[in-house]
Amino acid sequence: MKDIEGKVAFITGGASGIGLGIAKACAKYGMKVVIADSRQDALDAAMVYFKEKNLPVHPIKLDVTDRVAYAKAADEAESVFQKIHVLVNNAGVASGGPVWMMTYKDWDFSMGVNVGGTINGLVTVLPRIIKHGEGGHIVATSSTGGLCAVGGVVIYNTTKYALAGMMETVATDLQDKNIGASVLVPGPTTTNLGPSTFANRPAHLINEGQEWPPRMPPPPKDGQPRPPMPDFSKIFMDPVEMGERVIRGIRRNDLFIITHPEFKEGFNARNEAIMRACPAEPINTQRYELLKHMGTLVYNPIYDKQTQVGPPDWK
Amino acid sequence: MKDLKGKIAFITGGASGIGLGIAKACVKYGMKVVIADMRQASLDEAKAYFQDKNAPVHFIQLDVTDRAAYAKAAEEVQKVFGKLHVLVNNAGVGSGGGPVENVTFKDWDYSINVNLVGVVNGVVTMLPYILKHGEGGHIVSTSSTLGVAAAGGMIPYCTTKFAVAGMMEALATDLKDRNIGVSVLFPGPTRSNLGQTAFDNRPAALRNEGETWPPKPRTNMTEQRRRFTMEEVQQIAFMDPTETGERVFRGIKNNDLFIHTHPQFRTGYVARHEALIRAIPDEPLNEKRFEIISSFGTVYYNDIYDQQKPVGPPDW
């Protein structure tokens with residue numbers, strides 16, 4: 001969506017972390033913004049920033065897993081700003097631990113927010129974007145862990161892969177409706193994903209006997225002090241920079257918004273494995289010819305539309 | 001898992017289509033098999049097939065979305081065969097076909113529940129049993145070519161099949177040192193009754209009004225497609241699930257992380273990867289961040305992928 005000035009963005013998980021970074025960037029470039037978040041304290045803190053700068057931002061307290069509330073929130077967004085153009089499905093929670101320790105409650109919590117919440121956004125908001133005919137864009141926050149698997153976060157990987165496939169399909173389906181879609185692929189970013197995950201976990205999905213939030217592990221037995229953790233806030237990406245990259249991706253209609261170029265080797269490793277696993281056998285060409293006529297099944301030209309992304313070009 | 005003879009496999013959606021193809025291959029190579037399926041009609045047909053072959057196959061009627069029933073089925077496997085080595089999460093449905101704006105919550109919930117949560121239920125329920133005996137094992141889940149590169153008009157299916165791929169790749173990473181291999185199966189079009197079973201198995205509460213099977217015929221088939229009858233298309237374009245089963249068995253034996261059945265899809269996969277690479281901003285690396293992140297193990301680079309060896313032509 002090239003022309004975003006004056007348009008309206010609806011951002012879930014928009015009161016902190018990456019969502020807030022995106023909200024700030026949207027407001028900077030003249031958009032009206034709805035920040036939807038499950039946490040009132042985060043919303044209040046975010047609104048101090050926006051009110052100081054007199055920016056057109058409207059907060060809505062919203063649990064993205066609540067379908068009735070989501071429809072009400074979309075109505076409220078439209079009553080305040082008349083339309084929604086850009087939907088940013090950013091609300092998400094983390095998971096951690098080896099797969100054999102993951103319980104149904106762990107799975108249901110993450111799947112509910114990360115996948116269910118984004119489905120709810122799509123079903124609730126997309127028809128409204130189509131209806132006004134002015135075009136729009138849909139983003140979902142996946143992760144580098146949505147393109148390549150990582151140890152110890154199987155639930156997170158599962159949900160973030162799901163969001164990649166979802167947005168790639170959305171982009172394919174909506175090409176002719178002037179609505180773009182992007183998979184946002186953040187690497188490590190300075191957010192409060194950990195604390196907000198803890199704060200958002202409903203009581204019925206906390207494992208029995210689990211301390212919540214989890215405590216720091218005890219110091220090592222050899223009596224030596226634990227070495228200090230590096231200050232990751234100085235190393236991980238600032239969400240404000242993330243927001244700039246997302247705005248650029250929306251304007252350029254990038255299918256993938258990849259924010260951390262250092263992950264290239266990892267992406268290549270997965271692809272090369274997929275290639276090696278393709279059986280080295282002669283192609284059944286009669287089958288191939290028939291498959292080519294099944295729409296975008298055997299080759300989806302949406303991928304060809306992704307052009308090379310350049311270096312940072314914002315101020 | 002190299003040595004499969006005499007070991008036990010549990011296959012969901014195992015009474016028809018790809019699941020039955022996998023079951024046949026497992027039996028052929030001397031495994032004991034539990035076929036779990038939701039449709040009694042399919043189970044009866046499969047029973048009839050295996051009856052006169054004196055094959056060690058046990059049948060369980062199971063809705064993979066029912067966690068209590070899944071736990072019971074796990075216990076039944078222990079009672080009948082004593083152990084479990086290989087879990088095949090194959091049960092799956094298609095729903096919500098058509099443009100994304102027409103897909104309903106019911107379409108989404110049906111696909112998510114069976115294709116994603118059903119696989120989760122398999123892993124949570126069965127993994128402890130596979131770990132318990134210490135003899136090693138393998139877990140396979142059926143994704144799709146649509147779990148590698150998306151296509152239009154099938155959003156719940158694509159979403160769930162991508163999810164299954166990520167889940168299996170992460171599972172393989174976590175289980176690396178536990179002697180349990182993991183594979184994700186990416187079938188192309190296969191002769192199965194996926195449409196029929198998806199329709200039959202759909203809970204009443206999740207049916208859209210006015211839905212039928214077969215669906216109303218499409219009017220936008222290309223000329224090429226029209227030259228062939230549906231049966232001919234099935235024969236030529238779609239793979240025999242018996243062949244799928246052989247490929248899966250080979251993948252389990254060789255511990256292939258990825259099991260592809262249709263090499264025709266390779267070019268499409270390359271297109272997706274090249275889009276990803278073009279999307280990486282052409283900017284200098286943040287060296288300090290790179291140094292820290294490259295020490296983060298599998299966050300930065302997961303060598304589970306390096307373990308995938310080249311796969312050869314059919315050798316069965």
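Reader: Over how many bridges do strand β6 and β7 of chain B pair?

Author: This is a predicted model. In chain B, strand β6 covers residues 180–186, and its pairing with β7(B) is in the parallel sense. One bridge joins Leu185(B) to Ile259(B) in β7(B). The number of bridges between the two strands is 3.

Reader: Which strands are the edge strands of the sheet in chain B?

Author: The sheet of chain B is open, with 7 strands in parallel pairing, and its order is β3-β2-β1-β4-β5-β6-β7. An edge strand here pairs on one side only. The edge strands of chain B are β3 (57–61) and β7 (258–260).

Reader: In chain A, which residue of β6(A) stands opposite Ile138(A)?

Author: Chain A has an open sheet of 7 strands in the order β3-β2-β1-β4-β5-β6-β7, with parallel pairing. Within it, strand β5 (residues 136–141) and strand β6 (residues 179–185) of chain A pair over 6 bridges. The residue of β6(A) opposite Ile138(A) is Ala181(A).

Reader: Are α4(A) and α5(A) roughly parallel or roughly antiparallel to each other?

Author: The axes of these two helices come within 9 Å and cross at roughly 15 degrees, in a right-handed crossing. Among the residues making the contact are Trp107(A) and Met111(A) of α4(A), and Tyr156(A) and Leu163(A) of α5(A). By class, this contact has 8 nonpolar, 4 polar and 1 charged residues. Because angles under 35 degrees count as roughly parallel, α4(A) and α5(A) are roughly parallel.

Reader: How many nonpolar residues does the contact of α5(A) with α5(B) have?

Author: The residues making this contact include Tyr161(A), Met166(A) and Val170(A) of α5(A), with Phe162(B), Met167(B) and Leu171(B) among those of α5(B). Of the other classes, there are 6 polar and 4 charged residues. The nonpolar residues number 14.

Reader: Which element gives the most to the side of chain A that touches chain B?

Author: In total, 82 residues of chain A are in contact with 85 residues of chain B. The elements of chain A that each supply at least two residues are α4 (104–132), α5, β7, α8 (264–277) and α9 (285–291). By class, this side of chain A divides into 49 nonpolar, 20 polar and 13 charged residues. With 14 residues, the element that gives the most is α5(A).

Reader: What is the mean pLDDT of chain B?

Author: The model as a whole scores ipTM 0.95 and pTM 0.95. In chain B, 96% of the residues reach a pLDDT of 70 or more. The mean pLDDT of chain B is 93.

Conventions
Residues are numbered from 1 along each chain as its sequence is written. Chains are lettered from A and ligands numbered from 1 in the order in which they are written. This is a predicted model: local features need pLDDT of at least 70, side-chain atom pairs count only at pLDDT 80 or more; totals for chains, interfaces and linings use all residues. Two strands pair if DSSP finds at least two bridges between them. Helices (H or I, at least four residues) and strands (E, at least two) are DSSP runs, numbered from the N terminus. Two residues are in contact if their C-beta atoms, placed from the backbone, lie within 7 Å. Ala, Val, Leu, Ile, Met, Phe, Trp, Tyr, Cys and Pro count as nonpolar, Asp, Glu, Lys and Arg as charged, and the others, Gly among them, as polar. pLDDT is the predictor's confidence in each residue, from 0 to 100. Axes are lines fitted to C-alpha atoms, for helices over the stretch in contact, and angles run from 0 to 180 degrees between N-to-C directions. Angles under 35 degrees count as roughly parallel, over 145 as roughly antiparallel, 65 to 115 as roughly perpendicular and the rest as oblique. A crossing is left-handed if the near helix is turned anticlockwise from the far one by less than a right angle, and right-handed if clockwise.
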